[in-house]
Amino acid sequence: MEVPGSSKKMIATQAEMVEAKVPLSYRDQCAHLLIPLNKCRQSEFYLPWKCEDERHSYEKCEYELVMERMLQMQKIRQQQKGQQSIPLFPKTANA
């Protein structure tokens with residue numbers, strides 16, 4: 001499954017995510033790494049020093065997604081630099 005604007009593919013299917021009870025807010029391109037991480041966490045009673053490899057791979061995937069979104073936003077801002085844009089904070093009447 002392709003996600004528009006992203007270089008990563010969705011590997012986990014909706015059925016797999018429903019079966020693993022992945023919350024909606026975590027159903028992104030890294031969900032295929034979150035499913036085994038959560039299984040490991042449950043089997044190891046959420047001990048922080050367990051499942052380090054799974055956690056590291058999941059967090060790295062999430063980091064790459066965030067960096068990709070930041071680069072896309074930077075490109076959009078550079079394209080709009082020459083155009084008139086709407087300010088994020090409007091000026092007050094007295095300013």
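This is a predicted model: local features need pLDDT of at least 70, side-chain atom pairs count only at pLDDT 80 or more; totals for chains, interfaces and linings use all residues.
**Disulfides, charges and a patch**

Colleague: How far apart are the sulfur atoms of C30 and C61?
Modeller: C30 is buried at 0% relative accessibility, and C61 is buried at 5%. Buried means under 20% relative accessible area, exposed means over 50%, and partly exposed lies in between (1.4 Å probe, protein chains only). The sulfur atoms of C30 and C61 are apart by 2.0 Å.

Colleague: Which cysteine is joined to C40?
Modeller: C40 lies in helix 2, and its partner sits in the loop between helix 2 and helix 3, 11 residues apart. Helices are DSSP runs (H or I, at least four residues), as are strands (E, at least two), and both are numbered from the N terminus. The S to S distance is 1.9 Å, and the partner is C51.

Colleague: What is the pairing of the bonded cysteines in sequence order?
Modeller: The whole structure has two disulfides. One joins C30 and C61; another joins C40 and C51. Numbered in sequence order, the pairing is 1-4, 2-3.

Colleague: How many salt bridges does a search of the whole structure find?
Modeller: Side chains of opposite charge can pair when their charged atoms come close. A salt bridge needs a side-chain nitrogen of Lys or Arg within 4 Å of a carboxyl oxygen of Asp or Glu. E44 and K50 form one, at 3.9 Å. The search finds four.

Colleague: Which residue is linked with K60 and E64 in a network of salt bridges?
Modeller: K60 and E64 meet at 3.9 Å, N to O. Both lie in helix 3, four residues apart. The network also includes K8.

Colleague: How far from E68 is the nearest side chain of opposite charge?
Modeller: E68 lies in helix 3 and is buried, yet has no salt bridge. Its side chain does make a polar contact with the side chain of S6, at 3.2 Å. The nearest side chain of opposite charge is that of K8, at 6.5 Å.

Colleague: What is the area of the nonpolar surface patch made by Y63, V66, M67 and M70?
Modeller: Patch residues have over 30% relative accessible area and no salt bridge; nonpolar side chains (Val, Leu, Ile, Met, Phe, Trp, Tyr) are joined within 5 Å, like charges within 9 Å. M67, in helix 3, is partly exposed at 32%. The patch area is about 380 Å².

Key: Residues are numbered from 1 along each chain as its sequence is written. Side-chain values use heavy atoms; hydrogens and water are left out. Accessible areas come from the Shrake-Rupley method with a 1.4 Å probe; for residues, only the protein chains shown count as cover. A disulfide is a pair of cysteine sulfur atoms within 2.5 Å. Lys and Arg count as positive and Asp and Glu as negative; His and the chain ends are not counted. A polar contact is a pair of N or O atoms within 3.5 Å; within protein, one must be able to donate a hydrogen and the other to accept it, and residues adjacent in sequence count only if both atoms are side-chain atoms.
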